[in-house]
Amino acid sequence: LNLDRWPSRQAVTHTAREAMDRLQSARHGVRRSCVVVSHSLGTAPGVWVLEDPPTAIAAAVFMDPIVVMLEMPDVAHSFLYRTPRSVFEWLCFLWCSTETGMAFFFRRRFFWHHNRLDPKITERIPTLFCLSENDQIVPSHIVRAFASEAMPKAEIKWWKGLGHTYFMGSWSCQSEVVQWVSKAVHLTQNCKNQMGC
């Protein structure tokens, strides 16, 4: 456990840029746009990549995102301070929120205001929010209302009856995301071919 080296915005965007360069080299110079797909805590680095893209971004998918409405106390309280009551909450408590590295990161190195999605990004990049109705960490009802109002171009998939990360066990949820990404990439490519977008 190296508490001195934490994933910074610069490190993440540098790594993304390096990965895209390697892919371009492997494709003999062809550079393609990419789709940023992220989940939960991973939505924070996803936002960093969108703000400083290593290449053209075809679309973005945020599943159970913590980056929307971070000014609400729900995410921090749910993850760090809530008394566990269910099996899922105990798993989060034991392996995530109280694990030494994660606890140190969230209490000392994670600045909530640096990890918020700017709604303007969704105006220029096709965006999908996948929200679990019974999310134990993200206030999904509030996020859905805010995203509908502040990000009208973004699409929202409402996963009825699911909790945080439960989509991983649902073939239909995974299939919905794959279909949306495929459609978004196709539309982006058509736009470039027809209008030079």
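Helices (H or I, at least four residues) and strands (E, at least two) are DSSP runs, numbered from the N terminus. With that naming, this report walks through a predicted model.

**Ser40**

Start with Ser40. This residue is found in the loop between β1 (34–39) and α2 (43–51). Is Ser40 buried or exposed? Its relative accessible area is 14%. Buried means under 20%, so Ser40 counts as buried. Leaving aside residues up to four places away in sequence, Ser40 touches Met63, Asp64, Ile66 and His164.

**Ala19**

Now turn to helix α1 (residues 9–26), where Ala19 is found. Ala19 has a relative accessibility of 37%.

The table gives both pairs.

| Pair | Separation along the chain | C-alpha to C-alpha distance |
|---|---|---|
| Ser40 and Val67 | 27 residues | 8.3 Å |
| Ala19 and Pro54 | 35 residues | 8.9 Å |

**The nonpolar cores**

In soluble globular proteins, nonpolar side chains tend to be buried together. How many residues does the largest nonpolar core have here? The count is 37. Inside this core, the residues with the most contacts are Leu50, Phe62, Val67, Val68, Leu117 and Phe129. Helix α2 gives the most to this core, with five residues. There is also a second, separate core of 13 residues. Ala59, Leu128, Cys130 and Phe167 are among its members.

Take a closer look at Phe62. Not counting residues up to four places away in sequence, Phe62 touches Ser38, Thr43, Val47, Leu50, Val67, Leu117, Thr127, Leu128, Phe129 and Cys130. Leu50, Val67, Leu117 and Phe129 in that list are also named for the most contacts inside the largest core. Leu128 and Cys130, also touched by Phe62, belong to the second core.

**The cavity**

Rolling a probe the size of a water molecule over the atoms shows where empty space is left. The structure holds one cavity of 30 Å³ or more. About 60 Å³ of space lies in the largest cavity. Which residues line the largest cavity? They are Ser78, Phe79, Leu80, Arg82, Pro84, Glu89, Cys92, Phe93 and Ser97. The elements that give two or more residues to this lining are α3 (74–81) and α4 (87–97). Helix α4 gives the most, with four residues. By type, the lining divides into five nonpolar, two polar and two charged residues.

Conventions:
Residues are numbered from 1 along each chain as its sequence is written. This is a predicted model: local features need pLDDT of at least 70, side-chain atom pairs count only at pLDDT 80 or more; totals for chains, interfaces and linings use all residues. Side-chain values use heavy atoms; hydrogens and water are left out. Buried means under 20% relative accessible area, exposed over 50%, partly exposed in between (1.4 Å probe, protein chains only). Contact means heavy atoms within 4.5 Å. On a 1 Å grid over the protein atoms alone, a cavity is a set of points where a 1.4 Å probe fits but cannot get out, and a pocket is an open set with protein on both sides within 12 Å along at least five of seven lines; lining residues have an atom within 4 Å of a point. Grid points are joined across faces, edges and corners, and a volume is the space filled by probe spheres set on the points. Ala, Val, Leu, Ile, Met, Phe, Trp, Tyr, Cys and Pro count as nonpolar, Asp, Glu, Lys and Arg as charged, and the others, Gly among them, as polar. A nonpolar core is a set of buried Ala, Val, Leu, Ile, Met, Phe, Trp, Tyr and Cys residues joined through side-chain atoms within 4.5 Å.
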